[in-house]
Amino acid sequence: SIQIMARALAPDFTAEFALSGQEALTRLREGEPPDLVLLDVLMPEIDGFAVCRHMKADPRTRELPVICMTANSDLDSESNALLAGAADFIPKPVNPKALRLRVGLQILLRQRERALRRLNADLEHRVAERTADLRLALQQAEAASRAKSQFLANISHEIRTPMNAIMGFCHLLGLELTAPRQIDRLAKIKEAASQLLG
């Protein structure tokens, strides 16, 4: 059975084998995780369903696609495999062409999922950068607005103080002047001072 699967998967896929459930879990914990796990339901020590449940409980192997296989003809085997977390189920005897297609499909799905996660991470990073840029631009705009308001308040004060003196002296001069030409010129000074004060 193992040789048939190895021949069916070669040359496109490299296969490594564990002969018991415990050996499979040990190799998964200690080595580099594979792209996919083909799991026979009937294994010594720990059956395939238990191995699959252990894998799905471990954060390091949780995302690995698992394809369960069994020669059991009972109706519950496929359901139990899927409930344990398997992505697919293949009955034995294994059809080599179907095995290659199912393995290829699960690996392709995993590659696309990884690519999607990378794109999401990149998008989140870019959104965070843009948000930080917008926050900085808003802070700069608020600082500029405060500076402008302070500048206008200072200028207003600097103009109002002498302008009040000019307006006051215009009023006093208006009480003393009698020549119409001088009164007209003084009225124009008062009007310009009022406009500037406003």
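Modeller: A residue is called exposed when its relative accessible area is over 50%, buried when that value is under 20%, and partly exposed in between. Please keep in mind that this is a predicted model. By these cut-offs, Gln3 and Arg7 in helix H1 are exposed.

Biologist: Which residues of H1 are buried, and what puts them on the same side?
Modeller: The buried residues of H1, a helix of residues 2-9, are Met5, Ala8 and Leu9. They span an arc of only 90 degrees around the axis, and therefore they lie on the same side of H1, while Gln3 and Arg7 are on the other side. In general, an α-helix has 3.6 residues a turn, so residues three or four places apart point the same way.

Biologist: What do the buried residues of H1 pack against?
Modeller: They pack against strand S1 (37-40), strand S2 (66-70) and helix H5 (96-176).

Biologist: Why is isoleucine 155 counted as partly exposed?
Modeller: Isoleucine 155, which is placed in helix H5, has 33% relative accessibility. Because that value lies between the cut-offs of 20% and 50%, the residue counts as partly exposed. Ile155 also belongs to a nonpolar surface patch with Phe151, Leu152, Ile159 and Leu196.

Biologist: What makes S2 mostly covered?
Modeller: In S2, 5 of its 5 residues are buried, with Val66, Cys68 and Thr70 on one side and Ile67 and Met69 on the other.

Methods
Residues numbered from 1 in each chain as written. Predicted model: local features only at pLDDT ≥ 70, side-chain atom pairs only at ≥ 80, totals over all residues. Heavy atoms only, no water. Buried < 20%, exposed > 50% of the residue type's maximum accessible area, 1.4 Å probe, protein only. Helix = DSSP H or I, 4+ residues; strand = E, 2+ residues; numbered from the N terminus. Arc of directions from axis to C-beta. Contact = heavy atoms within 4.5 Å. Patch = residues over 30% accessible without salt bridge, like charges linked within 9 Å, V, L, I, M, F, W, Y side chains within 5 Å. Areas by Shrake-Rupley, 256 points an atom, 1.4 Å probe, with all protein chains shown as cover. Salt bridge = Lys/Arg side-chain N within 4 Å of Asp/Glu carboxyl O.
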